[in-house]
Each structure stands twice: as structure tokens, then as C-alpha cells.
Amino acid sequence: MTEPLYDEDPEPSERSPAGLLYVPFRPGPSGRTTLRLFRTPLGRRTAVGFTSRRRLVTTLGAEQAWLRLAAPALRALTAPLGVTTLTVDPQFTAPAATPERATPAAQDWAASAAPASASALRVG
């Protein structure tokens, strides 16, 4: 039985959303499936699940393979790997790169002075 959730609770009673999640994976050797793990902006490894296929496609692209898993099953699969965080419906925050038209000297300066791009999650 689950504890009820009240507005004044400092932390929700439920650790994950109800229902199945769309979980990204990649084909592994011999036809086996490998879950994709990502990293948070602080570098911590996290499992990722999406509440809809549309959200998964918007974030990772239409070619991303996925399977359906409940949050407790996803946690059980990643716990032996030391992954204790589950991120639901992440969104990448880095804008898409666009080419700039500049002189070669300006390009050299921009390449040396520009910070490396970062995203909310990265493949780990």
C-alpha cells in the first residue's frame, strides 16, 4: 500500500511515475539488448525513461530503439551497475549547432575561445 501524497510533504511518497516507460536501448552483441545509460549535468550516471514515445523521439530521434519497462524493473536492472538515479522525460538543453560565416582569423579565435558544448544528459 502506498502512502498518500499531501501538498506539505517535503518529498513525494512515490519514487516514480505509474505505468510503463519508454526506455532507450541499443542492440548488443549476439542480438542482446543493452540499456542506454546517460549522465546528469553533474556527471552522475542515470537510467532514462520517457512517459510517451513522442517525448522519446523528440529528445533522442526517430531512429532510437526503445522498449517498455516499468520504473521498478528499470531500477532493478540498473542497480547492480551502481546506477541509482532514474530520470523521467529528460530534455536536452543545448541548442543545435549552426555554422557561422566568418573570416579565417575569427574562426581560429572562436575555436580557441568558445566553451565546449554541453547537454543535460550525455551518453555514459
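Which pattern does the chain follow when read along the sequence? The answer is β-β-β-β-α-β-α-β-α-β. In total there are 3 helices and 7 strands. Helices (H or I, at least four residues) and strands (E, at least two) are DSSP runs, numbered from the N terminus.

**Before you click**

This is a predicted model, in which local features need pLDDT of at least 70, side-chain atom pairs count only at pLDDT 80 or more, and totals for chains, interfaces and linings use all residues. Residues are numbered from 1 along each chain as its sequence is written, and side-chain values use heavy atoms, with hydrogens and water left out.

**Stop 1: confidence**

Colour the chain by pLDDT, the predictor's confidence in each residue, from 0 to 100. The chain mean is 77, and 60% of the residues reach 70 or more. Now select residues 5-14. Their pLDDT stays under 50, and the model gives them 6 contacts beyond four places in sequence. Contact means heavy atoms within 4.5 Å. Next, select residues 114-119: pLDDT is below 50 here too, with 4 contacts beyond near neighbours in sequence. Where pLDDT is low, the predicted coordinates should not be read in detail.

**Stop 2: the sheet**

Select β1, β2 and β5. They form an open sheet of 3 strands in the order β2-β1-β5, with antiparallel pairing. Two strands pair if DSSP finds at least two bridges between them. The edge strands are β2 (33-35) and β5 (65-70), each pairing on one side only. On average, neighbouring strands of this sheet are turned by 50 degrees against each other, direction ignored. Strands of a sheet pair through backbone hydrogen bonds, either parallel or antiparallel.

Show phenylalanine 25: opposite stands leucine 35 in β2.

**Stop 3: the loop beside it**

Go to arginine 32, in the loop between β1 and β2. Is arginine 32 buried or exposed? Arginine 32 has a relative accessible area of 63%, so this residue is exposed. Buried means under 20% relative accessible area, exposed over 50%, and partly exposed in between (1.4 Å probe, protein chains only). Leaving aside residues up to four places away in sequence, arginine 32 touches Arg26 and Pro27.

**Stop 4: helix α2**

Select residues 71-78. This is α2, which lies across β1, β2 and β5 and runs at about 105 degrees to β5. Such angles run from 0 to 180 degrees between N-to-C directions, with axes fitted as lines to C-alpha atoms, for helices over the stretch in contact.

Show Ala71, Leu74 and Thr78: these residues of α2 are buried. They sit on the same side of α2, because they cover an arc of only 60 degrees around the axis. The arc is that of the directions from the helix axis to the C-beta atoms. Among the elements covering these buried residues are β3 (37-39), β4 (45-49) and β6. Turn to the face away from the buried side, where you find exposed Pro72 and Ala76.

**Stop 5**

Select residues 53-60. Helix α1 lies across β1 and β5, at about 40 degrees to β1.

Which residue forms a salt bridge with arginine 55? The partner is aspartate 89, with the closest N and O atoms 3.3 Å apart. A salt bridge is a side-chain nitrogen of Lys or Arg within 4 Å of a carboxyl oxygen of Asp or Glu. By this rule the count is 1. Arginine 55 is in α1, while aspartate 89 is in the loop between β6 (85-88) and α3 (104-113), 34 residues apart. Arginine 55 is partly exposed at 36% relative accessibility; aspartate 89 is buried at 18%.
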